[in-house]
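Please keep the sequence and the coordinates at hand while reading.

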Amino acid sequence: MRAVPWIIKYRPRSVEDVVDQEKAKEVLVPWIKKWLSGTPPEKKAALLWGPPGVGKTSLVEAICNEYKLEKIEMNASDFRRKNDIERIALAAATKKPLPPWKGRLILLDEVDGLSPRGDEGAVAAILELIKKTKNPVVMTANDPWGQHLRPLREAALLVEFKRIPKTKARSFLLKICEEEGVHCEKEAIDYIIEKNKGDLRASINDLQAVAEAFGKVTLDLAKALLAERDRVLTPWEMLQQLFYAKYAWQARKAVTSTDLDYDTLFLWIAENVPKQYGDDPYDLWRGLEALSRASVIYGRIKRKMNWSLLPYYFNALGPGVALAKTKYHKRARWSYPERITLLAKTKEVRKIREELAAHLARLSHVSKSYAKGELIPLLSFIAQANPRYFARLALGLRLNDSMVKYLAKKNYAKVKSFIEELSVRPAEEGKKEAQEILEELKEEYQKKTKEKSNKGREAGEGLLKWLKKK
Ligand SMILES: Nc1ncnc2c1ncn2[C@@H]1O[C@H](COP(=O)(O)OP(=O)(O)OP(=O)(O)O)[C@@H](O)[C@H]1O
Ligand SMILES: [Mg+2]
């Protein structure tokens with residue numbers, strides 16, 4: 001098993017390495033040489049067009065290699081951002097590179113990815129780039145005939161690429177087999193080439209798939225692996241073919257022939273390995289070993305985005321699991337992955353968690369992920385350890401009922417009653433306090449009015465006395 005795909009390993013390094021496409025070379029190479037001679041050709045851009053997998057990108061790379069050109073590349077998704085085209089490509093097209101480069105080549109790969117509506121700006125920017133460039137601009141496309149690409153067609157030298165003729169493809173594939181030390185039948189090679197209709201990339205990929213699965217390439221094996229390659233298995237069919245595979249290639253085919261994504265595929269197999277192998281501890285152990293290997297590899301793929309490890313993942317999951325068994329196991333009752341069912345069941349809960357995180361994030365000016373990672377666990381801990389205190393926090397944070405339920409879990413009832421108590425108490429206390437205050441005020445008022453009336457009486461009596469004296 002080799003980690004490097006053969007389409008990479010056997011990529012042409014020089015113009016001569018590029019299989020066929022003589023016409024294209026005859027046009028493109030002199031055009032590049034003109035650039036290098038110091039007098040740019042009349043058309044400053046070239047548009048390489050033709051079916052997939054026939055060497056368009058490869059020829060550009062080979063030219064860069066051979067003529068020491070620094071390749072400045074943009075793909076279709078960068079085209080969407082007009083600013084990016086202007087900034088990167090324009091700078092690239094006007095500045096001279098440092099040694100050892102002798103020049104630059106701007107590669108705009110797959111321009112037919114531009115949409116007729118919405119990418120007009122990008123087309124205009126590319127035209128502008130072609131106008132200003134001091135270095136060759138090379139575009140590629142499978143189908144350059146869209147109306148919206150017309151300005152690009154007109155500005156460029158059109159270079160057609162043809163499907164690779166059978167004889168040329170055959171000798172190329174045979175050379176690879178020789179290089180790899182793999183036994184190949186000519187009929188098998190022809191079958192592969194026929195199937196791929198002049199797409200050399202697809203043919204090389206098929207050749208590698210058969211060679212890796214069987215260690216040799218015969219017509220029967222090629223048919224067995226490739227004929228049904230595009231058939232999509234249901235998860236149940238996948239399990240059937242995986243657990244009852246006699247050969248590694250069958251198991252591998254099983255796991256690569258579903259349309260499950262890589263995570264879900266893992267869940268399906270992980271769910272059912274214990275069921276299928278559960279009656280034999282040794283087989284079960286070996287099956288789980290294979291699963292854990294697959295999981296480690298997949299973790300690495302995701303962490304480092306290293307997709308060249310994908311074949312190893314499939315090998316661990318497919319042949320690894322299938323060949324873990326040392327004896328026949330009768331068909332177990334397989335089931336839908338628990339985790340997926342669980343996810344469906346917990347959909348509501350996850351929704352609440354999201355709301356809660358958003359709520360806390362807003363209140364405490366932190367990110368949602370901080371709220372999830374730090375605040376929610378803390379709150380939920382407090383809810384378990386000290387429901388009364390948690391109730392106060394819940395009120396202060398204005399958590400709604402479902403949030404409280406989510407955090408308090410089994411303490412929900414307790415917390416709820418504390419919350420009620422807390423939210424009732426202030427009113428009662430207030431009432432009491434208000435009454436007390438009222439009471440005090442009343443007393444004071446009475447005292448004052450009494451004083452007043454006393455004073456009045458005194459005053460009255462004084463007046464009387466005074467009058468009597470008079
Ligand atoms: N003419 C060729 N000579 C040698 N190898 C080739 C040729 N065509 C394709 N290949 C092999 O197939 C791979 C893919 O080819 P390439 O990227 O050049 O195709 P393309 O024509 O640009 O296809 P697409 O239109 O899909 O971009 C290369 O890495 C190389 O291994
Ligand atoms: Mg290409």
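Axes here are lines fitted to C-alpha atoms, for helices over the stretch in contact, and angles run from 0 to 180 degrees between N-to-C directions. Helices are DSSP runs (H or I, at least four residues), numbered from the N terminus. The model is predicted, so local features need pLDDT of at least 70 and side-chain atom pairs count only at pLDDT 80 or more, while totals for chains, interfaces and linings use all residues. Residues are numbered from 1 along each chain as its sequence is written, ligands are numbered from 1 in the order in which they are written, and side-chain values use heavy atoms, leaving out hydrogens and water.

Helix α19 (residues 368–385) and helix α20 (residues 387–396) have axes that come within 6 Å and cross at roughly 135 degrees. In contact terms (heavy atoms within 4.5 Å), Leu-379, Ile-382, Ala-383, Gln-384 and Ala-385 of α19 meet Pro-387, Tyr-389, Phe-390 and Leu-393 of α20.

The axis of α19 also comes within 8 Å of that of helix α21 (residues 401–408), crossing at roughly 75 degrees. That makes α19 roughly perpendicular to α21. Here Ile-376, Leu-379, Ser-380, Ala-383 and Gln-384 of α19 meet Tyr-406, Leu-407 and Ala-408 of α21.

A nitrogen atom of ligand 1 lies 3.1 Å from a backbone N or O atom of Val-54. An oxygen atom of ligand 1 is 2.8 Å from a side-chain N or O atom of Thr-57, and a polar side-chain atom of Arg-201 lies 3.1 Å from an oxygen atom of ligand 1.

Terms used. Helices (H or I, at least four residues) and strands (E, at least two) are DSSP runs, numbered from the N terminus. A polar contact is a pair of N or O atoms within 3.5 Å; within protein, one must be able to donate a hydrogen and the other to accept it, and residues adjacent in sequence count only if both atoms are side-chain atoms. Angles under 35 degrees count as roughly parallel, over 145 as roughly antiparallel, 65 to 115 as roughly perpendicular and the rest as oblique.
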